[in-house]
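Hi everyone, thanks for making time.

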Amino acid sequence: MSVPGQATHSRRSTEQRAARRQVLIGLTWVSPWLFGAGLFVFAPMAMSLYYSFTDYPLLEPPLWSGLDNYKRMFSDPTFLRVVWNTTAYAAVSIPLFTIVALILAGVLAKTGRMSSFYRACVFIPTLVPLIASAMVWMWLFNGEYGLINKLLAMISIRGPAWIVDRNWVLPSMVIMSVWGVGQGVVIYVAAMQDVPKQLYEAARIDGMGTVRQFIHVTLPMISPAILFNVIALTIAAVQVFAVPSVMFRRPDGQNPAGHYYTMYLYENAFVYGNMGYASAMAWMQLLVVLLLTALLLFAGRRLVHYARV
Amino acid sequence: MSNASPKPGARSRLKGVYFHIAMLLVSLVFLAPLVWMLSTSVKPEDQAASGEIHLLPTPPSSVFAQAADNYSAVWNDRTIRFPLYLRNTLIVAILGVVGMTLSSAVVAYGLSRVQWRGRGVVFFLVLATMMIPFPVLMVPLYIIFRELGWTGTLKPLWVPAWFGNAFNIFLLRQFFMTIPPQLDEAARLDGCSHWSIFWRIILPLAKPALAVVALFHFIYVWNDFVGPLIFLTDRDQFTLALGLQLYQSQSGNTPWNLLMAASALMISPLVVLFMLTQRTFVQSASTEGLK
Amino acid sequence: MGTPASTYELTRRAAVGAMAAAAAGYAILGPRGTQEIPRGRVVLDYWEKWTRHEGDAMERVVSDFNKSQDRIFVRYLVVSDIGQKSLVSIAGSRPPDIIGLYAFNVPPYAEMGAIIPMDELAPRAGVRMENYAPGVREVMRYKGGWWAMVNTAGSIALYYNRSAFRDAGLDPDRPPRTIAELDAAHARLLRTDSRGALERVGFLHREPGWWSWLWAYHFGGRIFDEASGRALLDSPENIRAMEWMQGYARDLGLDRIKIFAESFGNYFTPENPFLTGKVGMIVQGPWIANLINAFKPDLDYGVAPFPTVHGEAGSSPVGLIDTDVLVIPRGAKHPEAAMEFIAFTQRQDMTERLATAHCKPSPLTSVSAEFLAGHPNRGIGVHYDILRSDRAFVPPRTRVWQQFKDEFDSVVQRMWRLEVPAAEALPRLQVRVQSLIDQAADQQFRRHGGADPAPGGAA
């Protein structure tokens, strides 16, 4: 009994030693990320969690203030306004972006001589850096000399003062985001090309037209890609910053309709010097992103599952 | 579909013509903003701000002279120094791309080609960090870089790239997983170390994926606005994104034709790169779909 | 991978390679930012907001200073969003040695301990408070300490287009003195085209809209009481002033204004609407004369104090003093040397040269005859009157001014668009702004037990 036991034991310990060695090797390979993420992601997260419970002016050390920063948000009208603006932007732009991307992808998924050209045309706008696209669209949206209003004038419509008029700020932002739809199109085209051809054959035998094939075969088959893309879009929309901070900034101050969450967070941190409050806003944002992602995954899993039955 | 039509070929050809007309229109809509940008950038100021729509300046023969005027005015501006900002952006981009590609590949190797307990946990952590919004890190990163004495230098913009990035690691790991394991088993029998397997077998096979990561990071650097905005103070260190914003906001004194010329200058390297590497580009964009 | 590389593929790769090589070459050999620094000198970094001709004038002062001695070398660096960037750099312990800020930055910076006091440094370098015009002294002092040096002084006045006045049948030698007269002149100057679109207006509050808060002062009120730390946004004067502004939006028609305003060129261009005659009267600082001289030298303009509701102008007009200041940030490595440079800029010949280049009055009490005689701004006398007036005012001096102003601007925009009546919006804004002030005071108290920023205490 003792002999086999010892053998097992020693074998196990050799195995354990080998396993430990493997862990060591693995850790060595991933150490750059572990170190980098520790220093540039996890430590900052912990720090900002702590700061969010402090009063922390830019030039002085943080001072514990409990839940003050979190309480303050709900009585801060500017905070409530940026939350509203950001929510409205996400709620309108994400569905529209997705629908347009899906339609274009459905049309462009067929391989043909011209469709790679069309795909390139749709994709090129996504290359334009945000700041540059903000400049270009400011010019297009100019109420007097902008191309859009000039074209509208040709059909006798007097266009609005897009980025000045509070009612047109949201449409301006949405139009710009749809201009960048190429990102989504490319993803969906790639997903559509992976859909097995037999499924379409079967659908055709069932007498389905092109549109019904798209709805009943294509969409369910690429639903994981849609879900992933919608999550990515949501995370991005919640953080929208560069474009509106350039487009809606005027000599007489920021256009309140074009004031978004991350902009106000940035102003609190680096303009007003309320780093504690900014940190609390950042954690609120993180929680919302996590919550939305979980919700989308939950809803998405059911939808994706349902479609595949 | 009806099969009563006597000439199905003609009909579908006609449908095809309609389709292409529609698609050409759609393409035009997508390209129009950039075309208009270029058009504005080769006009004199008074023609840029006029009520009519012309693609070329009047007289059209003045287009080259006017383009030269506008673009050289942007390039040679004394206070907003685009040549300098281009250099800074390139420094950040080159150092960042090299670091990002290398480090992400190393980490991805550890997450795909080495068997070890805890690998799943680390991979999950990597994926989880993809969801963290940058604003959560903004304030503490500023403080960390300040303690390191890096604010006011380009370091905060490229050093972190040397530690990999969740998305790129994920992308490379997925690719490394598709490489048959027999390859490194054979190499291991020949006495190769992990490092030489990585260096001699995996990296050469993964060139397309590495190109995607490099391209991604390059575009990211070209695009990045928040990072430079927070970490740079000295105007001599600005990147193109900040420079362009500065050019526009500078007491609001930049005419539209010059602003469009500056924007075109900033966009052009990316478009050229796109023309040259279209396949990699489209591939890189589609990998975001978690194929 | 499997297919043999075509020639196209090869040229494509060669092109990418060439681009990468060119990029690397440019990154290594490309232009550099820093100027040549003479050896063996103390180097001071001076951050300033001015560019172009205004910057050139200051750079000449800097280079004169560098030539005048051989111990100190000042580097002139242009920084945008200077108030914010400076704060971040001071917090980052990497501040420059001298910063050119705006007057309204001084109280918040002093409260935060971001700048060092000059009470002892300045006299040692030979600069005395008595050298400065009385209105200017108020900008330099805060809560008993001396925090900043004024390098150019500005005051805000009414600029009007005399040819437009003549054209509209108004007397160009009699600018409006009361708000009612301003309204009347505006009505006369108003011109529309056949479709009813605006061609010219007399006055537009939002053009350029830089001081959206100052109307209350011309209606006999103010928006902040420094002694008690109370915002006065819901005062009857401020409500009346904002209702007056809303009246313009209502009468001119919002849609018409929006379209009209988008035809305005940017401020620093020949398309500036005052220069093109689209707006007949604007509220502006003396520097606009530079624009006029550069782009439209034949523009016949006049300058007067901005009207008040009662119009008892006389020798002490109501007007905003808006100046640029030089400060030494906390953590600056060579405060003595920095002060030596600042003192150099405050010499009468230097201030006058700079003021001439900026078209502004000089901040000093003693003014040379040549300076006044050769001044490029024909309304300089009016700016001096405001600077010396006992009814001149400075921007509200509170630590939270930046946020105060941002909140105010955003409400002004909403009021201007007639989304909310002034009488309803301002009391709400008052509560909001007061809570910001109180909160800052409360935080200050918890930290420092209510002590004022003492001169010398923060160093």
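Let me start with a question: at roughly what angle do the axes of helix α13 (residues 240-249) and helix α14 (residues 256-276) of chain B cross? Before I answer, some housekeeping. This is a predicted model, where local features need pLDDT of at least 70, side-chain atom pairs count only at pLDDT 80 or more, and totals for chains, interfaces and linings use all residues. Residues are numbered from 1 along each chain as its sequence is written, while chains are lettered from A and ligands numbered from 1 in the order in which they are written.

Okay, the answer: roughly 175°, with the two axes coming within 10 Å. Axes here are lines fitted to C-alpha atoms, for helices over the stretch in contact, and angles run from 0 to 180 degrees between N-to-C directions. That crossing makes α13(B) roughly antiparallel to α14(B); the cut-offs are under 35 degrees for roughly parallel, over 145 for roughly antiparallel, 65 to 115 for roughly perpendicular, and oblique for the rest. When I say helix, I mean a DSSP run of H or I with at least four residues, and a strand is a run of E with at least two, both numbered from the N terminus.

Who meets whom there? From α13(B) we have B:Leu240, B:Leu244, B:Tyr247 and B:Gln248, and they meet B:Leu259, B:Ala262, B:Ser263 and B:Met266 of α14(B). Contact means that two C-beta atoms, placed from the backbone, lie within 7 Å. By class, the residues of that contact are six nonpolar, two polar and no charged. For those classes, Ala, Val, Leu, Ile, Met, Phe, Trp, Tyr, Cys and Pro count as nonpolar, Asp, Glu, Lys and Arg as charged, and the others, Gly among them, as polar.

Let's stay with chain B and zoom out. Chain B has 15 helices and zero strands. Its radius of gyration is 25 Å, well over the 19 Å that the globule rule gives for 291 residues, so chain B is more spread out than a compact globule. That radius is taken over C-alpha atoms, and the rule is 2.2 Å times the number of residues to the power 0.38. Along its principal axes, the C-alpha trace of chain B spans about 75 × 75 × 35 Å.

Of the 291 residues in chain B, 47% are buried. Buried means 20 or more other C-beta atoms within 10 Å of a residue's own, exposed means 12 or fewer, and partly exposed is in between, again with C-beta atoms placed from the backbone. If you take contacts in chain B between residues at least 6 apart in sequence, 77% join residues at least 24 apart.

How confident is the predictor? The score is pLDDT, its confidence in each residue from 0 to 100. For chain B the mean is 87, and 92% of the residues reach 70 or more. Residues 1-6 of chain B stay under 50, though, and the model has one contact for them beyond four places in sequence.

One local detail in chain B: the peptide bond from B:Thr58 to B:Pro59 is cis, with omega near -10°. B:Pro59 lies in the loop between α2 (45-48) and α3 (63-75).

Now, how many residues does each chain bring to the contact of chain B with chain A? It's 71 from chain B and 73 from chain A. The chain B side has 48 nonpolar, 19 polar and four charged residues.

Over to chain C, and helix α11 (residues 254-262). Its buried residues are C:Ile257, C:Ile259, C:Phe260 and C:Ala261. Among what covers them are β9 (198-203) and α10 (236-252) of chain C. Beyond its neighbours within four places in sequence, C:Arg256 is in contact with C:Ala197 and C:Leu198.

Chain C has a cis peptide bond too, joining C:Glu207 and C:Pro208, with omega about 0°. You'll find C:Pro208 in the loop between β9 and α9 (215-218).

A:Ser156 has a positive phi of about 60° although it is not a glycine. A:Ser156 lies in the loop between α6 (147-154) and α7 (166-179) of chain A, and it is exposed, with 6 other C-beta atoms within 10 Å.

Key: pLDDT is the predictor's confidence in each residue, from 0 to 100.
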